[in-house]
Amino acid sequence: MTGLKSILEEAARQGLISPEAGGRLLPFLTERGVAVVEPQPAAADGPAWSDTETPRFVRGFHDVLITIGVVVALAGLWGLSALYAVLPAIIVLSEILVRRQRLALPAVSLTIALFCWTCLLMSRFFPPWTPTATSFGAEATQFVAGFPIILGAYYARYRVPLSLALCIMSVLAFVLTLLLRLVQWASGNPAFFLDHPAVLALVALICAVGLFALALYFDLGDRLRRTTRSDIAFWLHLGAAPALLYSTVSLLSFGADIRIVDVANMSSRTPVVVATVAALMLLGLIIDRRAFVTSGLLSLGVAIFGVFRQGSATVDTYIFTTLIIVGAIVLIIGTGWMPLRRLVLRTLPPAIANRLPPG
């Protein structure tokens, strides 16, 4: 936004537009994703390195300072007042920091605060927990139904990419609960998913693939990643990766245990987890999304932890060994991202490679 503001100020100084018009144009253009991309200076010994995944919610320490203030103030208000008193504070701060000043990182923190507030509000009226973990009643659907409404209204007012991404994910979660209840009703067995956990994993995988397809839709619509479509895709990919991982691992393990993040049972499915994370890393390289790769690293660490836990090593040994292995994988992928991606792109058909972000 700084580059766009300086351009409008220069246009006003040259008499092309009035200063008042420039002040009105700035929020109008930024709300519609118009941004100025600074050219990368070419290196003397080769082409310039470029990163198409620079998140636009990190702009400077000013935003960080304001965000710290927002988090501390809301945490204090949350502890001293009733739940309903927090929402007006979120709205007032959003009007000042998001709608008027267009601060990106505070917008993310306020969106997360609104999501947490919605979660507490809906759980007060519609507790989503049921006596059995595989029985899905109306409370779960009603609990999820409030999220698209509140987050959608917040996006319509403030145009925060994270709020739209959370709205989309909550809509898919709502669809998932409806599908689960429909299957459960059609079977006539309230404990259907307890008896057929693979069906639960399959339905979850369908919704996870749908989330990834939506993220890819936003990504392919902004190949050079210059608009807010890229920011929306960033958050959707951040949610799609663990959803794909957990549902795929559960399905490939034949639904033996739906608690796929349970460390005690992770060792038996470690090869499935490692293979799935490797496939997600390759997919992340193809679409140029480090966020997509990062989401699976935690589960990879849990899987490797399970491998060493089966042996006779001490606790310190397998904890630190897990950290070394995961850290080495992160460093290898991080430092060699661009060469690896160019290698992968060369193996793809031109019709597909030309629609992806350039390598």
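Helices, here numbered from the N terminus, are DSSP runs of H or I with at least four residues. The model is predicted, so that local features need pLDDT of at least 70 and side-chain atom pairs count only at pLDDT 80 or more, while totals for chains, interfaces and linings use all residues. Residues are numbered from 1 along each chain as its sequence is written, and side-chain values use heavy atoms, with hydrogens and water left out.

| Helix pair | Angle | Axis distance |
|---|---|---|
| α5 (residues 104–125) and α7 (residues 161–187) | about 30° | 8 Å |
| α3 (residues 61–80) and α5 | roughly 20° | within 8 Å |

The angle makes α5 roughly parallel to α7 (under 35 degrees). Their contact (heavy atoms within 4.5 Å) joins V108, T111, I112 and F115 of α5 to L162, S163 and L166 of α7.

Helices α3 and α5 are likewise roughly parallel to each other. On the α3 side the contact includes D63, V64 and W78, and on the α5 side A104, L105 and L120 are among the residues that meet them.

Leaving aside neighbours within four places in sequence, L87 contacts L114 and W117, and its C-alpha atom is separated by 9.1 Å from that of A113, 26 residues apart along the chain.

How values were computed
Axes fitted to C-alpha atoms, helices over the stretch in contact; angles between N-to-C directions. Helix = DSSP H or I, 4+ residues; strand = E, 2+ residues; numbered from the N terminus. Parallel < 35°, antiparallel > 145°, perpendicular 65-115°, else oblique.
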